[in-house]
Each structure stands twice: as structure tokens, then as C-alpha cells.
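Visitor: Could you walk me through this model, one question at a time?

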Amino acid sequence: MEQSQLTDLLGQMTLDEKIGQLLQITGDFYSDKAEERTGPMTQLGLDEDDLANAGTVLGVTGAEECRKIQTAYMKRNRLHIPTLFMGDVIHGFRTIFPIPLGLASSWDESAAETMARVSAHEASVSGLFVTFSPMVDLVRDARWGRVMESTGEDPYLNGKLAAAMVHGYQGDDLLADTTRVAACVKHFAAYGAAVAGRDYNTVDMSERQLRDMYLPGYKTAIDAGAKLVMTSFNTVDGVPASGNRHLFRDILRREWGFDGVVISDFGAVKEMISHGVAADERDAAKLAIKAGVDIEMMTVCYLRHLKDLIVSGEVPEQVLDESVMRILELKNDLGLFENPLRGADAEAERTVVMSKQHRDAARRVAEESMVLLKNDDATLPLDASRKIALLGPAAKSTDLLGAWSWKGQEDDVAALDVSLREAGIQVSTVDGDFDYLQPSDQAVEEAVRVAKDADVVVLALGEPSYMSGEASSRSDIRLPQAQLDLFKAVAAVNDRIIVTLFNGRPLDLSDIQSAKAIVEAWFPGTEGGRALADVLTGAVNPSAKLTMSFPVSVGQVPIYYNVDNTGRPYENDPEGKYVSKYLDVSNYAAYPFGFGLSYSKFEYGEVKVEDHEFDADNPLKVSVELRNVSEREGTEIVQCYVHDLVGEVVRPIKQLKGYERVTLAAGESRTVTFTITEEDVRYVHADYELDSDPGDFDVMVGPNSRDLSKAIRVHLF
Ligand code: BGC
């Protein structure tokens, strides 16, 4: 449709029809069985006219189902405006990829793009037009269950990965390519900073910090062309995001020029009553529409009260019209007026969803996402000629998909024991189930007996998937006690333990440090068992590196590498009393941001700069020679960090400004060069302007945020 036709269409709409466009409800409202519809309809107080006008649908999939709903809907809608199917496709549709925190550990934008591309293809043939991804919340607190859904603690890396996802979902031509879906950046803003890591809790930080650290990731994803933005559940500076005009009108729309659709999070408009900033639904509707929230997800404050607010003059009709136009434009950008089913195709659904090609892609990404945290005495890869025991609750578990994988099926997953056997490794296991939290005494005794008899024990531990994700915060981020007890009992009879972990957050692993090797496999998805088996056998050489720090103890949380300098830095005086430190635990992470080992061994040469001075026209060129000094090919993620020595406001002691995945054959070496521009070292000043400070900077390169080269001093003019 031409823009003028959209304007005409808007002109023909009644007030009720316009307000209807702003409502999102779930698919059960459209069930053709009246008895299934009645419950939800009564609960929200909707009638058939409301259903005929509701603009978008949440969480329905299946080409046939969507076709049925769309056809019936368009008949009932007076102006035949199509509805729009949205859903959460977060790390795969049916073919599940590693959780985003695992995917991020690949530091591989092409892996992020592949995940999104495959997800879009499966979702689009199954009838979806929009996915609620990427989630770009910066995270520093591993207690928060939703860190699994994030890509970590660094704004630069988060932005890069989110932009790659947006491109993977939307492609280059969303209108023409019906195998793509529109992307929705969430949760705007700063949802990851919930106080004490408790989900839905208050967020409170300075506006400068918000702009400097938390907003850039979202902005990069929005600049990549994402069509929608979702509000967050939390408050920002005392105002819930879904009613926060400053966030949405001032920053998102005016400063950043975002002209796409803003959708509230699930129920978040009405929740402003619980927050205590709205007296009732009418008040909540007024706050949300004034803030610029176009679609209200799953509550009916707009539906019930917007008309009255407009008639009374409290909300100008123009504000409503702008929201409706954005929704119509989104439908038009997706080509729905001409093709209301878009890519939904029952035949393609059968061949595309879970195709071999998609499973292979998920397996490759999973291989790239597993972090080798420890490997003493080259215990890994496994020596197939030894007697290997595979024990622990995750040994036979198919709970490898992780949260936010509603279309994934455990039946598609090969567990670790099955995968190792497929890979030709014979392992002894115990019979029966082994519970994650309360294994039977008999199961534990049997495990100890098998461990005693083995040369090496692979102990498959972790969190069940319900322990991370939404509403799944934990105050104790160690492994469940029963698993620590199991580790101890096994360690008493066999000291060659390799721990593998399936989990959704950084854990405190202090209690299992006597393990010879530790592999963080996250929730690796449909092909994750096989990917882990390949890492264990050595068919795959691990290359992943953490994007979120693992603390020594939960008491250090929030812990992150890019901390601000303090007036009494611990580094200057580790023995001193009056320095910024704890009495009982170090300041540092057990495994820092950027950390991960390989079966290869890499050496870094001297870091060099082409010129010690740089300016807006002449960027800094930093190079280092990387050598693979081992017998096998491997991939190293080389990282470049910068410290702005004197800023107008306190600057972090280091910030990631470049990274590269480098694959080297045995004995090979290569010079890796980073280009750092003046723009790269800009930051948000006290007046919220993004600018750089001329002066001295330190540049460091290395394998992780802790083990960096000696700093090279450079000067910005
Ligand atoms: C979550 C969102 C999600 C939405 C729709 C909410 O509970 O916070 O991330 O997109 O539900 O399912």
C-alpha cells in the first residue's frame, strides 16, 4: 500500500476501530471452540466486536492455525485490516540454539545472525510475522534469572550481537522476503539492572550511567533497523518504563528518531497501578499513551478507557492516530495488506522446520558457545582407551533447551550419554534417573561405586532449566547442594573429575575447583548434547569466551570487568587497609569477562601501535602477533581494551573496543590489527553529550579482560 492509502484507511476508521488496533491478545481468544474462548473473554471483559478489532495476536503458531484465524478475522474486521502474529522466538523456533548468553560466548556475529536467520525461517513458515527478540539488556547480576536471555555485561559486544540478530531476523528486504520476521528490541530500558537481581524489581541509576552503559546496546540494534521496541517491567528513575515519557518520547523517538512500533511488555500497562503511579486503569492508559506506547499487551486499559480520554480531551486524538499509523505501517512493511498470510506455508513448515541444515547450524553454534573454564594436566580431550564414567543429573538429561524455547521439544534432544556413545565413546553410567535436587541415596551410592572403578569421571552437573529465565532469580548461585555433595563423594574416590555444566547463569563454582577440567556448556539447545560430546572427545576444539563474569562468591555480585575507577583502587595497594576491597574475598572474578581456554596454546607477541597519537581523521592502529604454539588448529578470540585516563567524569578501568576470532593452524602465526577511532572512545558526559576527551589513553590487548598486555600509552588530539 502507498502511504496515501494508509492515510485514507486511517481516515475511515472509527474511534473504536482505532483503539482496537492497539490491543494485543493471545490466540486462545480466536479459538473456533466457543467454550475455549469464553474463559479468556470473560476475564478481560471482551466482546466479539473487540475481537474483530484487536490489532495483533500473541503466541499463535502453525501455518494452518494462523491461516484459519487470519481468514476469519479479516471477514469480521469491517475494513479487512489483517491481524499480525507475534511471538517469542528467542534462541530458535523449533530448532533450538544455545541460550543467548551461550551464543554470545562465541563472540561471533555470524553465529548470532545464523541463529536469527534460521529462527526467522522456521517462525515465518509457521505463521509468525514478528519476534520479540533481540533482548539487549545489559546484565551484571547473575542472581537475575533472565541473564540467560542476555548477551552479557559489555555494551559494545551486546550491540554488535544484537545488530547481527536484527539482520538475521529481518534480512535486507523484509517486505519481499517472506522467510523473515520483524525484530523487536527489548526490554527498554535497563531491565537487567533490577536491584539485587530480583526479577521485576526497581531499577535506579543516574541518567548518565543509563545513557553511557545501558542504552548503547539497544541503540545499536535499533540503528540496525529493528521495527519494534518493547517496554520493560521496571521503573527507571521512579517511573515505570511503560509510562515513561522521557524514555520513549524524549530519548527513543526524538533523540534517536525511532519511528517504529512500541509495544508494552505482558500486562505492563496495567501494572502501573500496582507500581502505584496510576490510580486505576484509566490513569494507566493515559500514562502509557502519553509515553508513546502503541500496543498494550494482554491488558485492556486502552480498550476500556482511551475513548473516554479522547472525548474528554485529556488525550488528543492525534496521539492515538500516530500510534495507529505506526501499527498500520508495520503491517504494510510486512506486506500484510496484499499478502495477509505472508510466509505461512504448511508444506514448507514440514520441510523447513527442524531441517537437517537447521540442526547442523544449531550444532555448529553450540560448538562455538561452550567455554572451557579449566583443563589441568590436559585432562581433556577424553582418552577413549580409558575407562570413563558419566555421572550426575545431567548425564542422561534432555533438559538442554533452556528457558524461552516454547516450540522446542525435548524429544528432539540427544542427551550427553547418547551423544558420547554416538561419538564412539563407551561410558559407564548408573541406571535410572538422577534428580537435580534430590537424588536418591541409592543413586548416589551407585554413582560413587561406578566412579571408583573408572579412570576418569565426567560429572554432568547444572541447573534444571526452570532455575533461570523469567521470574527465576536465585540468591544462592552455587550448584544445588545435592550436586555439591555428589561432587564431594565422587572426589573422595576418584580425583580425575571433569565437570560439565548445563545452566543459565554464571555460577559460583568455588566448591568444585578440585575438578581437573570444567566445561561450561550453558543450555546448548537441540544439538547441544552432540556439540558437548564433540568438545569432550576433541573432535571440536573449544573457542568460546565468557561474556559475563563468574564470581568467586555471590557476595561480589554485581561483578563486571568494566568497573569505574575508585579513589582508593585496590590494585594500587593490595596489602593496604583503606582500599576498596572486601575483607573476606578478592575483588576479582573467578573467571573474568572474556575468559575461555582452548586445546591449542596461543602466545601473544608484543603489542604495537603504528602511531602513539590519533585524532578524528587518523585512527589508532593497534597490532599484535598471535602464535599457535601447539600441535593443533584452534581459534582464539583476541580482545582489545582501552582506558581513558582522565575524563570529565570517572571512566571505567578498561572497556572492550575490538575483538577478532582468529583461527590458526598448528604452528601458524598472524598479525591481528585493531582500528580504534575517535568515535570509539566517546562517552556520555555530564551534560549527556556523547563526546571524547583529548588526552591520554591506555591500550591493552590479550586473551581476556584480566590477562592483558602491558598498557601502551597513546594520545588523542
Ligand atoms: C516477557 C517478554 C516477552 C513477553 C511476551 C513477558 O513476560 O518479559 O520478554 O516477550 O512476555 O511473551
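Visitor: Which residue in strand 22 is the bridge partner of Thr635?
Guide: Strands here are DSSP runs (E, at least two residues), numbered from the N terminus. Two of them pair if DSSP finds at least two bridges between them, and strand 21 and strand 22 pair in the antiparallel sense over 9 bridges. Across from Thr635, the partner in strand 22 is Thr663.

Visitor: Before we go on, what sort of model is this, and how are residues numbered?
Guide: It's a predicted model, where local features need pLDDT of at least 70 and side-chain atom pairs count only at pLDDT 80 or more, while totals for chains, interfaces and linings use all residues. Side-chain values use heavy atoms, with hydrogens and water left out, and residues are numbered along each chain as its sequence is written, from 1.

Visitor: How many residues of strand 22 are buried?
Guide: Buried means under 20% relative accessible area, with a 1.4 Å probe and protein chains only. Strand 22 is largely enclosed by the rest of the structure, because the buried ones number 7 of the 10 residues.

Visitor: Which strand gives the largest share of the lining of the largest cavity?
Guide: A cavity is a set of points, on a 1 Å grid over the protein atoms alone, where a 1.4 Å probe fits but cannot get out; lining residues have an atom within 4 Å of a point. The lining includes Val642, His643, Asp644 and Gln655. Strand 21 (634-644) and strand 22 (655-664) each supply at least two lining residues, but the largest share, 3 residues, comes from strand 21.

Visitor: How much space lies in that largest cavity?
Guide: Volume here is the space filled by probe spheres set on the points, which are joined across faces, edges and corners. The count comes to 4 cavities of 30 Å³ or more. In the largest cavity, the space is about 70 Å³.

Visitor: Which residues touch the most other members of the largest nonpolar core?
Guide: A nonpolar core is a set of buried Ala, Val, Leu, Ile, Met, Phe, Trp, Tyr and Cys residues joined through side-chain atoms within 4.5 Å. The largest has 126 residues, and those touching the most other members are Ile25 and Phe188.

Visitor: Which strands stand at the edges of the open sheet of 6 strands?
Guide: The order is 11-16-15-14-12-13, with mixed pairing. Each edge strand has a single partner strand, so one side of each is left without a neighbour in the sheet: these are strand 11 (371-375) and strand 13 (427-428).

Conventions
Buried means under 20% relative accessible area, exposed over 50%, partly exposed in between (1.4 Å probe, protein chains only). On a 1 Å grid over the protein atoms alone, a cavity is a set of points where a 1.4 Å probe fits but cannot get out, and a pocket is an open set with protein on both sides within 12 Å along at least five of seven lines; lining residues have an atom within 4 Å of a point. Helices (H or I, at least four residues) and strands (E, at least two) are DSSP runs, numbered from the N terminus.
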